[in-house]
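Subject: Structure for your files

Dear colleague,

Here is the structure I said I would pass on. My notes on it follow below.

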Amino acid sequence: MRLTRRHPLLVAVPLCALAVLAARPADGKGDGPYAPGHGPEFGTSAQVARLYEEAAAATLKYEAGRRQAGRQRTEVRRLEELLGRERQESEVLRDDLGRIARSQYRSSGGLPLTAHLILADDPEEMMRGQHALWKANLSLDNAIEKNARAEVRLARDEAKAEEAWKALEKRNKELADLKSGIERKLETARWQLQGQADASVTAGSCRGAVRLDQPETAFTGSWVAPVETYALSASYGSGGARWANRHTGQDFAVPIGTPVRSVGMGKVVKVSCGGAFGIEIVVEHVGGYYTQYAHLAAVAVDQGERVSPGQWIGQSGTSGNSTGPHLHFEVRVTPEMGSAVNPVSWLAQRGLTL
């Protein structure tokens, strides 16, 4: 079960080189033939999606293992401190017992108790003193024995805790290696996917929808962020040399192949390949608003298809006029460029804060 998560990523912040820099208009049917994705070239999209999920799962396991190992290491240190205190207390008790024994020897002068009783001015008082000394001696003996048992128990518990900690550390090393292996495969597959996207943009013809296995979701609202994990980069209305006018959307810095989600329920009215936006999808929502998802590496829906909130509709990339992997997300009042509104404010009005 996946819940909506929004965490910043430590990634380079690319900028869109978009909009009105000679964007080639697409025909009403999208830029090329549409057939459900199949064949070897479509396997890369599915592989990236699968590896993306595997990498996320491996990261969660690794982080959980690190936390567990940290807790176990804390327990080892706690037991070490307890054992140290028990040993110090045992030393103090042994010193006390030694002092009592030495005091008893000095006060008796080496004579047996019977002789002291005969020579004593007050035998009863002496007996009471001897009884008190005996009780003190017995109490110390019992305390020392109790501490010795505690030492044995704590030493055993400490050994077990340290063994468990070392086992966790070993497992975490294996998880880290697994995570690194998946990430290496994912990086290779991502650039293969981007190469296919670039070929589609150059040809001006989309490869068709690649059907991805949709994860189970549990969204609490009707609107979601277009990507699950991201860092915000170029914002709506920002200026720069890369745009003929102000930036018309909000950029989300994400790696190539990141699943892109429909922010709400709607209908796909455009899937296009070529031009400044590269591979793009436009979805119509209730109220006459449209959302655009641009610079994609692959699409997972067909034109005319209805989509639900959070549904994977494509995979992010860096196609078209783009300086690095990211998603260009735009909200419009018409399907075409030139009618954009601030997407951050628009989503905030619908209860979603980016």
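This is a predicted model: local features need pLDDT of at least 70, side-chain atom pairs count only at pLDDT 80 or more; totals for chains, interfaces and linings use all residues.

Overall make-up

The protein chain has 354 residues, of which 42% count as buried. Its secondary structure consists of four helices and ten strands. Read from the N terminus, the order of elements is α-α-α-β-β-β-β-β-β-β-β-β-β-α. As for contacts in the protein chain with a separation of 6 or more, 76% are accounted for by residues 24 or more positions apart.

Cavity

In general, rolling a probe the size of a water molecule over the atoms shows where empty space is left. Searching the whole structure gave one cavity of 30 Å³ or more. The volume of this largest cavity is about 50 Å³. Its lining is made up of Ser200, Cys206, Arg207, Gly208, Cys273, Ile279, Ala298 and Val299. Sorted by class, the lining has five nonpolar residues, two polar and one charged.

His295

Which residue other than glycine has a positive phi near 65 degrees? That residue is His295. For background, most residues other than glycine have a negative phi. His295 belongs to strand β6, which covers residues 289–299. Is His295 buried or exposed? His295 has a relative accessible area of 0%, so it counts as buried.

Leu347

Leu347 sits in helix α4, which covers residues 343–348. Leu347 counts as buried because its relative accessible area is 0%, and buried means under 20%. Which residues is Leu347 in contact with, once its neighbours within four places in sequence are left aside? The contacts of Leu347 on that basis are Val263, Phe329, Leu352 and Leu354. Leu347 can also be placed relative to Ala225: the two residues are 122 residues apart along the chain, and their C-alpha atoms are separated by 8.4 Å.

If you open the model, the places to look at are the lining of the largest cavity, including Arg207 and Val299, His295 in strand β6, and Leu347 in helix α4.

Regards

Definitions and conventions. Residues are numbered from 1 along each chain as its sequence is written. Side-chain values use heavy atoms; hydrogens and water are left out. On a 1 Å grid over the protein atoms alone, a cavity is a set of points where a 1.4 Å probe fits but cannot get out, and a pocket is an open set with protein on both sides within 12 Å along at least five of seven lines; lining residues have an atom within 4 Å of a point. Grid points are joined across faces, edges and corners, and a volume is the space filled by probe spheres set on the points. Ala, Val, Leu, Ile, Met, Phe, Trp, Tyr, Cys and Pro count as nonpolar, Asp, Glu, Lys and Arg as charged, and the others, Gly among them, as polar. Helices (H or I, at least four residues) and strands (E, at least two) are DSSP runs, numbered from the N terminus. Buried means under 20% relative accessible area, exposed over 50%, partly exposed in between (1.4 Å probe, protein chains only). Contact means heavy atoms within 4.5 Å.
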